[in-house]
Amino acid sequence: MTNSDVDFTLTDGSESGEESGVAQLVDISEEYDVYIGRTSDFGHMMNTPPGKRGWLGNPFAVDDFSREKAVALYEKMLRKKLENHGEFRQKFDELIGKKLGKKCEDDELSHGDIIIKILEEQENQQEGGKPS
């Protein structure tokens with residue numbers, strides 16, 4: 001997957017960091033329901049049980065990859081997790097309507113944008129629409 005293979009426009013047409021109908025990305029300084037970042041001991045999606053702090057964190061650090069590449073790798077990994085791990089999928093589906101706490105600036109592309117994108121795709125499929 002190359003950076004050009006990933007569309008970072010959210011399905012509702014909003015830019016990254018804006019509110020979505022399925023969930024909302026908020027800074028961790030605000031009130032949130034679920035923290036979506038890594039933990040201080042580098043807990044992330046691949047080493048943290050679903051539902052525990054850090055379970056949605058991006059294992060691909062921006063310091064090791066470009067921001068676009070880290071987010072593209074996260075999207076690929078997240079889609080595989082959702083397809084192959086029932087408990088993870090169940091917890092992911094519970095994000096609908098939640099405020100998702102993140103550390104990235106609103107104008108920065110982040111893995112939170114991918115979480116919103118996939119939640120919106122799921123909502124469109126459930127409503128009989130086509131996925132984006």
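Let's start with T48. T48 counts as buried because its relative accessibility is 12%. Buried means under 20% relative accessible area, exposed means over 50%, and partly exposed is in between, with a 1.4 Å probe and protein chains only.

A word on the source before I go on. This is a predicted model, where local features need pLDDT of at least 70, side-chain atom pairs count only at pLDDT 80 or more, and totals for chains, interfaces and linings use all residues. Residues are numbered from 1 along each chain as its sequence is written, and side-chain values use heavy atoms, with hydrogens and water left out.

Back to T48. Where does T48 lie? It lies in the loop between β2, residues 34-35, and α1. Helices (H or I, at least four residues) and strands (E, at least two) are DSSP runs, numbered from the N terminus.

The side chain of T48 has two polar partners to look at. One is the backbone oxygen of H44, at 3.0 Å. The other is the side chain of N47, joined by a polar contact of 3.0 Å. A polar contact is a pair of N or O atoms within 3.5 Å; within protein, one must be able to donate a hydrogen and the other to accept it, and residues adjacent in sequence count only if both atoms are side-chain atoms.

Leaving aside neighbours within four places in sequence, T48 is in contact (heavy atoms within 4.5 Å) with G43, R53, G54 and W55.

Now H44. H44 is found in the loop between β2 and α1. H44 is buried, because its relative accessible area is 10%. Not counting residues up to four places away in sequence, H44 touches R38, G54, W55, G57, N58 and P59.

G54 has come up with both. Buried or exposed, which is G54? G54 is buried, with a relative accessible area of 0%. G54, too, is found in the loop between β2 and α1. Beyond four places in sequence, G54 touches Y35, G37, T39, G43, H44, M45 and T48. G54 and F42 are 12 residues apart in sequence, and their C-alpha atoms are 8.1 Å apart in space.

Next, the core. A nonpolar core is a set of buried Ala, Val, Leu, Ile, Met, Phe, Trp, Tyr and Cys residues joined through side-chain atoms within 4.5 Å. The largest one has 22 residues, and L56, L78, F92, L95, L100 and I115 touch the most other members. The elements that give two or more residues to this core are α1 (67-84), α2 (86-93) and α3 (111-126). Which gives the most? α3 does, with five residues. Take L56: beyond four places in sequence, L56 touches V34, I36, Y74, F88, F92, L95, H111 and I115.

On to the sheet. Three strands form an open sheet in the order β1-β3-β2, and the pairing is parallel. Strands pair if DSSP finds at least two bridges between them. β1 (24-27) and β2 are the edge strands, each pairing on one side only. β1 pairs with β3, residues 99-102, over four bridges. D27 stands opposite K102 in β3.

Last, the whole protein. There are three helices and three strands. From the N terminus on, the elements run β-β-α-α-β-α. Buried residues make up 42% of the 132 residues. That's the tour.
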